Amino acid sequence: MTVEELRRYALTLPGAWDAMPFRTPPSDQYRVFYVGKKWFGLLGLDDADRPFLNLKCDPAESERLRRLYAGITPAWHMNKRLWITVRLDSDVSDEAIRELVAASHALVLAKLPRRDREAIERGEMNAEAEAELSALVKERFGKN
């Protein structure tokens, strides 16, 4: 799966949006996927310019996945019990990557405040709300 294919898929999920919230190089190599105001994925390039994706994952499932795939490891720079790193150029199939992205999105969506979750589930997360959230990221991190 290419980085652009991954991005296009992630943005089809309800309430999903993305930004590049970090200011200083090499942070321009990182794209964050959000549902509401919470992360469900971090897409980046490692030191060898290989693409990776950090995703939220059920702890028991993450252990199973790490045994099943060489391309899934504990997440880089994140809580290694709750997040996994998926190498896009590994033995993890495109379909499995899509399933993991959807599962991460669902885990994060379920933890949003009820009002936000219900608005997203009704499809009310519109361009205006996304612009507001993007402005918040820009305000906090100085970049969109």
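**Figure 1. Aromatic pairs in the predicted model.** A search of the whole structure, which is a predicted model, finds three aromatic pairs. Rings of Phe, Tyr and Trp (its six-membered ring) count as a pair if their centres lie within 6.5 Å; planes under 30 degrees apart are stacked, over 60 edge-to-face, and the rest tilted. One of these pairs, W17 with Y34, is stacked, at 4.2 Å centre to centre and with 10° between the planes. The pair links distant parts of the chain, since W17 belongs to strand β1 (residues 16–19) and Y34 to strand β2, 17 residues apart. Helices (H or I, at least four residues) and strands (E, at least two) are DSSP runs, numbered from the N terminus. Both W17 and Y34 are buried, where buried means under 20% relative accessible area, exposed over 50%, and partly exposed in between (1.4 Å probe, protein chains only). Residues are numbered from 1 along each chain as its sequence is written, local features need pLDDT of at least 70, and side-chain atom pairs count only at pLDDT 80 or more. Totals for chains, interfaces and linings use all residues, and side-chain values use heavy atoms, with hydrogens and water left out.

Figure 2. Six strands form an open sheet in the order β1-β2-β3-β4-β6-β5, with antiparallel pairing; two strands pair if DSSP finds at least two bridges between them. The strands β1 and β5 (72–74) stand at the edges with a single partner strand each, so one side of each has no neighbour in the sheet. From one strand to the next, the twist averages 25°. Helix α2 packs on the sheet, touching β5 and β6, and its direction makes about 130° with that of β5. Helix α3 lies across β2, β3, β4, β5 and β6 and runs at about 40° to β4. Axes are lines fitted to C-alpha atoms, for helices over the stretch in contact, and angles run from 0 to 180 degrees between N-to-C directions.

Figure 3. Strands β2 and β3 run antiparallel and are joined by five bridges. Within β3, K38 is the bridge partner of V35, and W39 is that of Y34. Two residues lie between the strands of this hairpin, where G36 takes a positive phi near 60°. Strands β3 and β4 also pair in the antiparallel sense, over five bridges, and G44 stands opposite F52 in β4. This second hairpin has five residues between the strands. D49, in the loop between β3 and β4, has a positive phi of about 60° although it is not a glycine. With a relative accessible area of 55%, D49 is exposed.

**Figure 4. The nonpolar cores.** A nonpolar core is a set of buried Ala, Val, Leu, Ile, Met, Phe, Trp, Tyr and Cys residues joined through side-chain atoms within 4.5 Å. Of the 27 residues in the largest nonpolar core, F40 and V101 touch the most other members. Two or more residues come from each of α1 (3–10), β2 (31–35), β3 (38–45), β4, β6 (83–87) and α3 (94–111). The greatest contribution, six residues, is that of α3. Leaving aside neighbours within four places in sequence, V101 is in contact (heavy atoms within 4.5 Å) with L6, Y9, A10, L13, F40, L53 and L55. Apart from this core lies another, of ten residues, among them A19, V32, Y34 and M78.

Figure 5. N54 is in strand β4 (residues 51–56) and is buried, with a relative accessible area of 0%. A polar contact of 2.5 Å joins its side chain to that of T85. A polar contact is a pair of N or O atoms within 3.5 Å; within protein, one must be able to donate a hydrogen and the other to accept it, and residues adjacent in sequence count only if both atoms are side-chain atoms. S62, in helix α2 (residues 59–68), is buried, with a relative accessible area of 1%. The side chain of S62 reaches the backbone oxygen of P59 at 3.0 Å. Beyond neighbours within four places in sequence, S62 is in contact with C57, R81 and I84.

**Figure 6. The surroundings of D89.** D89 is found in the loop between β6 and α3 and is partly exposed, with a relative accessible area of 43%. The side chains of D89 and R50 make a polar contact (3.1 Å). Leaving aside neighbours within four places in sequence, D89 is in contact with R50 and P51. The C-alpha atoms of D89 and F52 are separated by 8.2 Å, although these residues are 37 residues apart along the chain.
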